[in-house]
Amino acid sequence: MLTTGGYRKYLGFFGKRNVGKSSLINVLVGQDVSIVSEYPGTTTDPVYKSLEIHPIGPVTVVDTPGVDDVGELGELRVKKAKEVLYKIDLAVLVVDERWDDYEEWLISTFKKMDIPFVVALNKVDNCWDTSKVLERVKNYPHQSVSAKTGEGVEKLRELITNTLPKEEDIPLLSDLIDGGEIVLLVVPIDLGAPRGRLIMPQVEAIRETLDREAICVVVKERELKWALEKLKEPPALVVADSHLISRIAADVPEEIPLTTFSILEARHKGDLIELVKGVKQIEKLTPESKVVIMEACSHVPLVEDIGRVKIPRWLTNHVGGGIEFEVKSGKEFPKDLDNVDLIIHCGGCTLTRAMMLRRIREAKRRGISISNYGVVISYLHGILERVLRPFPEAHQIFVEENAVM
Ligand SMILES: Nc1nc2c(ncn2[C@@H]2O[C@H](COP(=O)(O)OP(=O)(O)OP(=O)(O)O)[C@@H](O)[C@H]2O)c(=O)[nH]1
Ligand SMILES: [Mg+2]
């Protein structure tokens with residue numbers, strides 16, 4: 001299943017001064033987004049413009065200032081360029097006959113940061129000899145274009161569409177069970193539970209089980225043991241709340257697959273593997289480390305808030321000292337993340353999968369480890385290995401990276 005919707009894509013345009021980045025953007029999007037002039041250095045700061053490009057859909061194009069060689073890359077310019085690189089879904093490298101170290105530097109940076117890119121050989125109406133550049137880019141998606149005549153622009157648009165990563169939809173749990181099997185959900189009805197209803201992941205889990213023509217049994221933690229005894233056949237999956245997981249694990253025989261709602265959400269809404277990789281960083285934390293608690297929404301903190309109180313307390317106990325915690329809330333990914341050793345993200349209930357994936361990717365490109373509440377809670381309770389067993393790939397990575405038996 002592929003999804004194109006959900007979130008606008010960021011396209012960044014890079015290349016030497018005067019190569020025609022702004023001109024190309026204007027023809028690609030069919031409107032004057034960026035100022036074009038014959039004078040090199042016209043675009044001085046990244047320009048962001050959100051619009052719709054057929055057939056790509058909603059995008060934000062980012063026009064960046066041109067640089068003529070690597071030596072010219074001032075510290076500030078690199079910083080500005082990097083802010084764009086952290087964010088984008090795809091880079092368009094615009095070139096002409098002046099190919100040199102600068103283009104090589106950009107390509108190696110795209111690769112290092114895992115940024116998909118296409119190369120546009122611009123100004124072909126000038127009939128410049130493209131053979132040297134073509135030789136260099138033949139293994140990457142590339143297209144000859146003219147922003148002046150419009151030649152190749154349609155093809156470039158198609159190339160961009162085809163090179164943009166497609167995000168796969170991942171179900172909450174329906175792929176983990178077969179029709180007719182039993183899913184046992186352990187749902188605490190405590191002070192934290194909303195009045196008179198269940199929370200979203202619980203409702204979604206019930207719905208997906210029913211859609212799978214499987215059987216959903218819902219119990220509170222007190223009735224769990226009893227329910228397991230009453231069932232003629234063991235459940236194919238038991239799902240419990242993260243904060244009760246250690247107690248529940250003791251009641252669920254080892255051979256029955258067990259996980260948490262947060263782990264299911266982490267996979268459904270994000271990238272479970274990356275979030276699992278992030279926990280490795282916990283063992284590298286020291287009392288001098290800095291950890292950012294990242295909340296996607298600015299909710300009113302609860303008295304025993306998971307992100308602001310419980311996780312910092314557990315993590316401090318685990319590391320044995322005064323880690324510096326900082327809470328960052330809001331939909332925008334924060335920029336000031338210097339010297340951060342680990343980001344622990346909330347479950348992202350207000351975010352789409354595409355938004356969450358972008359945030360994980362941005363942390364990775366900045367070289368900062370990222371995990372999330374659910375994964376970290378299970379880890380700190382010594383139960384992550386068990387709750388990852390239903391997900392063989394993530395489980396294997398955890399076992400290998402953390403030398404767990
Ligand atoms: N002949 C020809 N000229 C072009 C083409 N694309 C852009 N130009 C011209 O090249 C000059 C620079 O274009 P810009 O679009 O401002 O270039 P830029 O890469 O944005 O430049 P900076 O903002 O300075 O980095 C302008 O005079 C454009 O008219 C093209 O395909 N063919
Ligand atoms: Mg420009």
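Residues are numbered from 1 along each chain as its sequence is written, and chains are lettered from A and ligands numbered from 1 in the order in which they are written. Because the model is predicted, local features need pLDDT of at least 70 and side-chain atom pairs count only at pLDDT 80 or more, while totals for chains, interfaces and linings use all residues; side-chain values use heavy atoms, with hydrogens and water left out.

The protein chain contains 15 helices and 16 strands. Helices (H or I, at least four residues) and strands (E, at least two) are DSSP runs, numbered from the N terminus. Along the principal axes, the C-alpha atoms of the protein chain fill a box of roughly 80 × 50 × 40 Å. Of the 405 residues in the protein chain, 52% are buried. Here buried stands for under 20% relative accessible area, exposed for over 50%, and partly exposed for values in between (1.4 Å probe, protein chains only).

For Lys-21, a polar side-chain atom lies 2.8 Å from an oxygen atom of ligand 1, and for Ser-23 the corresponding distance to an oxygen atom is 2.5 Å. In Asp-125, a polar side-chain atom lies 2.8 Å from a nitrogen atom of ligand 1. A polar contact is a pair of N or O atoms within 3.5 Å; within protein, one must be able to donate a hydrogen and the other to accept it, and residues adjacent in sequence count only if both atoms are side-chain atoms. Taken alone, ligand 1 exposes 650 Å², and the protein buries 88% of that area. Accessible areas come from the Shrake-Rupley method with a 1.4 Å probe, and for residues only the protein chains shown count as cover.

One has 4 strands in the order S10-S9-S11-S12, with parallel pairing; two strands pair if DSSP finds at least two bridges between them. Strand S10 (215–219) and strand S12 (258–260) stand at the edges with a single partner strand each, so one side of each is left without a neighbour in the sheet. Neighbouring strands of this sheet are turned by 20 degrees against each other on average, direction ignored. Axes are lines fitted to C-alpha atoms, for helices over the stretch in contact, and angles run from 0 to 180 degrees between N-to-C directions. Strand S11 (residues 237–240) pairs with S12 in the parallel sense over 3 bridges, and Val-239 stands opposite Thr-259 in S12.

Another open sheet has 4 strands in the order S14-S13-S15-S16, and its pairing is parallel. Its edges are formed by strand S14 (324–329) and strand S16 (369–372), each with a single partner strand, so one side of each lacks a neighbour in the sheet. The twist averages 25 degrees from one strand to the next. Strand S15 (residues 342–345) and S16 pair in the parallel sense over 4 bridges; the bridge partner of Leu-342 in S16 is Ser-369.

Helix H13 (residues 373–380) is mostly covered, with 8 of its 8 residues buried. Among them are Tyr-373, Val-375, Ile-377 and Leu-380. H13 is followed by Gly-382, whose phi is positive, near 70 degrees.

Positive phi values also occur in residues other than glycine. Asp-114 has a positive phi of about 60 degrees and lies in the loop between helix H3 (101–112) and strand S6 (117–121). With 56% relative accessibility, Asp-114 counts as exposed. Lys-123 has a phi near 65 degrees and lies in the loop between S6 and helix H4 (131–137); its relative accessible area of 26% makes Lys-123 partly exposed.

Strand S4 (residues 57–63) includes Asp-63, which is buried at 1% relative accessibility. Thr-60 also lies in strand S4 and is buried at 3%. The C-alpha atoms of Thr-60 and Ile-88, 28 residues apart along the chain, are separated by 9.0 Å.
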